[in-house]
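Good morning, everyone. Let's take a look at a ligand site and then at some aromatic rings. Here is the structure.

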Amino acid sequence: MNLVLDAVCKRFGDGKQAQLVLDRISLAMHTGQFLALLGSSGSGKSTLMRLVAGLEQPSSGSISLDGQPIRGPGSDRGMVFQKYSLYPWLTAAQNVAFGMELQGLERAEIRERTGFYLEVVGLAESARRLPRELSGGMQQRVAIARALAADPRVLLLDEPFGALDLQIRESMQEFLFGLWRRTGLSVLLITHDIDEALLLAQQVHILAPRPGRIVESLTVELNKDNLQDLRLSPAFQSLRHRVADTLRQLDGELA
Ligand SMILES: Nc1ncnc2c1ncn2[C@@H]1O[C@H](COP(=O)(O)OP(=O)(O)OP(=O)(O)O)[C@@H](O)[C@H]1O
Ligand SMILES: [Mg+2]
């Protein structure tokens, strides 16, 4: 087992102001698995991501990676956020190299790995460009290259394509899926996009809001050899309708 969350709760504030944001979240992810957490706004997705990243501590419960409890941030987890998080004054290559410099890798190795991962995300030609000279999709690919370059055990993605136009989002989804199939990475994708979760992940946990809790977990058994065809297939459409109904009901319960 790669990543394990056991009855993780997160509370913010004290006394009367206390708010339970995550309620007994348990999940287990195998090495090489692609897992998605699907939930509406405010269901605690980013909080969960910050806990796995080690930026926050659970109020109770535990999180471990390859059997080791998570105590703080570490390069064993590669993170990509919704907002473009590149350093604007560094080129694409320098952004990718940044984390490896912090890790203290040798220059020659940094150069080689930077070139390799820019190639992986299809941006070898853009190595010397600044973020403002790249499209949103290209910037997110640099962010993914930067996360991969640290050779993480798991890639954590918090709505990585949320800010992109529909068309670019779809091509980025295909890119991420292809990358996962090629590399056998472990991927935890956090999203509110039903299609994205069902198209890409092998297993989808549905998160209900206030407090954030897993209400349903489903294994997606669809042929994913061609995502474009899959989007249009009746099997996919009926699954997404069912999941959309579940999410609507959860919102209805709150209204
Ligand atoms: N540091 C904090 N202190 C207090 N409350 C917080 C803190 N971080 C998050 N929250 C609360 O936790 C709840 C969940 O927030 P979170 O950002 O995890 O949701 P989300 O599912 O990522 O939402 P979105 O889809 O809008 O990104 C919100 O009610 C938020 O106000
Ligand atoms: Mg969020």
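Start at ligand 1: one of its oxygen atoms lies 2.6 Å from a polar side-chain atom of T47. Taken alone, ligand 1 exposes 640 Å², and the protein buries 59% of that. Those areas come from the Shrake-Rupley method with a 1.4 Å probe.

A word on the model. It is predicted, so local features need pLDDT of at least 70 and side-chain atom pairs pLDDT 80 or more, while totals for chains, interfaces and linings use all residues. Residues count from 1 along each chain as written, chains are lettered from A and ligands numbered from 1 in written order, and side-chain values use heavy atoms, without hydrogens or water.

Back to ligand 1. K45 brings a side-chain N or O atom 2.7 Å from a ligand oxygen. S43 uses a polar backbone atom, at 3.2 Å.

Now the rings. The whole structure holds 5 aromatic pairs. Rings of Phe, Tyr and Trp (its six-membered ring) pair if their centres lie within 6.5 Å; planes under 30 degrees apart are stacked, over 60 edge-to-face, the rest tilted. Y87 and W89 sit 5.4 Å apart, centre to centre, with planes at 45°, so they are tilted.

Is W89 buried or exposed? Exposed, at 60% relative accessibility. Y87 is partly exposed, at 28%. Buried means under 20% relative accessible area, exposed over 50%, partly exposed in between (1.4 Å probe, protein chains only).

F177 and W180 are also tilted, at 5.6 Å and 45°. F177 is buried at 5%, and W180 is buried at 10%.

Methods:
Polar contact = N/O pair within 3.5 Å; in protein donor to acceptor, adjacent residues only side chain to side chain.
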